[in-house]
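This report describes selected features of one protein model. Please examine the sequence and the structure shown here before reading on.

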Amino acid sequence: MFIDAEPGAERDLSGYKSMIGKSEFLSDLRRINREVSDSLFEDILQTAALLAPENIVMIESDDRSDLIKGMLETGMLLELNQNEYPDSYLHRSNVNDVARSEKDTFICTTGSADDVGPTNNWMHTEKALKILTPLLRNSMNGKTMYVVPYWLGPKGSSFGDAGVEITNNAYVVLNLMIITKVGPEITESFGKKGSYVLGVHSTCTLDSQNRYITHFPELNDGKGLIISVNTDYGGNALLSKKCHALRIATRRASREGWMAEHMMLIGLNEPDGTKTYITGAFPSSSGKTNLSMIVAPEELKKLGWASELISDDITWINVVNGVPFGINPESGFFGVVPQTSYKTNPNAMKTIKSNTVFTNVALDSNGVPFWEGKEEKYPDELWDWTGKKFDGTGKAAHPNSRFTTSVRQYPYLSQDFDNPSGVPISAFLYGGRRRDLVPLIYESYSWDEGVLIGAMQRVETTAASTGQVGILRNDPMAMRPFTGYNMARYFDHHLKMGDAMKIKPRIYNVNWFRKDTEGKFLWPGYSYNMYVLRWVAGRVHSKAKGIETAVGYVPPVEEFRDVKGVLPKVISDLLRVDTKGFRSELEETESFFKTFGTAFPERLWAAFRKMKERTESF
Ligand code: SAT
Ligand code: MN
């Protein structure tokens with residue numbers, strides 16, 4: 001077990017034993033894999049001994065109705081207008097707990113800070129457990145302890161993974177029931193996997209001074225243990241998501257030869273029936289979900305261009321016979337609400353019209369949820385995300401307000417979503433919010449330079465994480481907050497994965513967020529990004545031209561000749577590579593890369609020097 005429940009003290013655990021003993025999931029699991037079932041029984045028992053809950057509830061069905069009923073009774077959920085938003089609810093989180101907290105997020109090992117590198121917080125495992133144990137002890141007194149066994153990935157996929165989250169929080173349970181697979185359908189996959197990541201989450205008192213989101217990749221027999229306390233918010237508390245599917249997964253992936261990435265994944269359909277699978281890594285709240293739900297503009301739709309969704313946030317990539325195949329480990333969205341409208345993202349609007357849990361949005365007098373960007377005007381009467389009457393100052397919905405909805409409600413879900421083998425990926429996009437420098441798109445000259453482009457990403461911070469918004473920071477591959485080990489080794493792993501691929505995805509840098517001198521966006525974005533994807537598909541299938549620049553190939557302006565409403569002059573500005581600007585960008589990047597010391601791969605320095613030389617000769 002991970003922690004000494006009560007050193008020296010003998011507790012009577014028979015009550016807990018009989019509660020756990022009733023679990024059908026455990027008894028079914030026992031038939032498939034006795035060892036895993038016994039070890040899960042023991043983990044639940046020991047966790048209960050430490051947390052001392054009033055009772056234990058196993059989540060072993062995907063029926064959410066009882067849970068929701070209970071949450072409505074306690075006020076944890078408010079029912080929305082059931083005519084407009086059937087089976088949909090609002091949850092208001094604690095006001096001090098509304099976004100991921102990177103400063104409180106730790107990777108803990110028995111080695112040294114070098115294990116996690118300069119972009120992560122590190123703590124020695126023993127020290128962390130010393131801090132956490134007293135916070136956890138008896139923290140579920142009088143509360144229910146929910147146990148949620150979940151499965152990440154398509155059912156039966158050898159690329160999937162099993163996890164168990166133990167939590168006192170029904171909102172966390174409800175979200176897990178949407179964003180992961182739970183219930184009897186997962187028992188077989190779970191048992192066959194033979195191990196699981198264990199997550200323990202306790203609300204405690206929501207004391208922000210004692211908030212910890214800790215990862216122990218070495219514990220739980222090397223499968224990984226996650227402990228999160230004093231927070232109930234999204235990525236801090238839904239441990240399947242960033243904690244398991246990224247931080248724990250990245251480290252395992254580096255050892256086992258696969259990749260866990262903060263990437264959306266779509267299938268692009270061309271008029272001639274060609275399908276091209278494209279991933280895109282963008283920091284939280286930078287348009288990843290919108291891109292994953294893209295609708296072609298009318299002119300392209302008429303011709304037959306369309307997009308289907310596999311993943312909006314996380315993609316796991318395995319190389320099979322030299323070809324990278326991607327799966328979505330998740331089964332639901334936890335997407336940013338503000339600025340979502342029928343204009344910007346009609347598919348999201350359709351998806352969240354029913355069966356949706358909203359977190360921290362505003363509410364009008366008819367019980368209809370509201371957020372900035374939903375409609376032109378504020379409704380006459382509105383209650384803000386904290387439940388106070390909205391007086392027009394500040395934001396009505398929290399900038400990081402979210403929707404949780406099953407992917408099954410998405411109107412254009414790929415038929416390959418459930419394919420246990422995943423889909424073959426042809427292109428990686430890297431991007432983020434950059435008001436200047438980065439052109440609309442360019443293509444790297446090689447895999448290694450593509451890894452460099454990913455590693456070079458400097459983008460503006462967003463409301464998805466606590467702290468200031470709009471600050472430019474290095475966020476390699478949009479993975480700075482989500483890599484569970486030293487990022488220098490993560491870069492090295494990327495380079496090596498390229499070696500394992502016979503057909504390497506082409507790698508692009510994209511930027512939808514360039515602004516003019518008056519601060520207005522130059523590119524309309526959203527559905528217009530389909531023109532950019534069209535060029536990507538053209539490149540993949542050797543149909544589209546590229547013009548050489550210092551940093552890579554850019555599309556000729558003619559590629560965008562049919563774009564309506566954007567002046568050709570603006571397009572050419574958007575595609576211009578500011579060579580001098582990139583030279584200073586590389587200097588900035590160099591100092592960031594140097595923070596990794598000797599762990600930084602020489603091979604990436606070589607790619608860096610090549611690009612730098614080109615910025616001097618172009
Ligand atoms: O809060 S989450 O980490 O789940 C969302 C995000 O920041 O991407
Ligand atoms: Mn994300």
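This is a predicted model: local features need pLDDT of at least 70, side-chain atom pairs count only at pLDDT 80 or more; totals for chains, interfaces and linings use all residues.

## The manganese site

Along the chain, the donors of the manganese ion (ligand 2) follow the spacing K-x19-H-x50-D.

The coordinating atoms are NZ of Lys242, NE2 of His262 and OD of Asp313, at 2.1 to 2.2 Å from the manganese ion (ligand 2). Both Lys242 and His262 are buried.

## The surroundings of ligand 1

Which residues surround ligand 1? They are Arg100, Tyr233, Gly235, Lys241, Lys242, Ser284, Phe334, Arg402 and Ala464. By type, the residues of the shell comprise 3 nonpolar, 2 polar and 4 charged.

Polar atoms of several shell residues approach oxygen atoms of ligand 1. In the side chain of Ser284, an N or O atom is 2.7 Å from such an oxygen. For Arg100, a polar side-chain atom lies 2.8 Å from an oxygen atom of the ligand. Gly235 contributes through its backbone, where an N or O atom lies 2.9 Å from an oxygen atom of ligand 1. Taken alone, ligand 1 exposes 250 Å², and the protein buries 98% of that area.

## Helix α15

Helix α15 covers residues 529–540, which makes 12 residues. From its first C-alpha to its last, the helix reaches 17 Å, close to the 16 Å expected at 1.5 Å a residue.

Is α15 mostly covered or mostly exposed? It is mostly covered, with 11 of its 12 residues buried. Among the buried residues are Tyr531, Leu533, Trp535 and Val536, as well as Arg534 and Arg539. Just after the helix, Ser542 takes a positive phi of about 50°.

## Asn33

Asn33 is found in the loop between α2 (24–32) and α3 (34–51). Why does Asn33 count as buried? Its relative accessible area is 19%, and buried means under 20%. Between Asn33 and Ser208 there are 40 Å in space, C-alpha to C-alpha, and the two are 175 residues apart in sequence.

Terms used: Residues are numbered from 1 along each chain as its sequence is written. Chains are lettered from A and ligands numbered from 1 in the order in which they are written. Side-chain values use heavy atoms; hydrogens and water are left out. A residue is near a molecule or strand if one of its heavy atoms lies within 4 Å of it. A polar contact is a pair of N or O atoms within 3.5 Å; within protein, one must be able to donate a hydrogen and the other to accept it, and residues adjacent in sequence count only if both atoms are side-chain atoms. Accessible areas come from the Shrake-Rupley method with a 1.4 Å probe; for residues, only the protein chains shown count as cover. Ala, Val, Leu, Ile, Met, Phe, Trp, Tyr, Cys and Pro count as nonpolar, Asp, Glu, Lys and Arg as charged, and the others, Gly among them, as polar. Donors are N, O and S atoms within 2.8 Å of the metal (3.2 Å for Na, K and Ca); water is not among the atoms, so sites may look incomplete. Buried means under 20% relative accessible area, exposed over 50%, partly exposed in between (1.4 Å probe, protein chains only). Helices (H or I, at least four residues) and strands (E, at least two) are DSSP runs, numbered from the N terminus. The expected span of a helix is 1.5 Å times one less than its number of residues.
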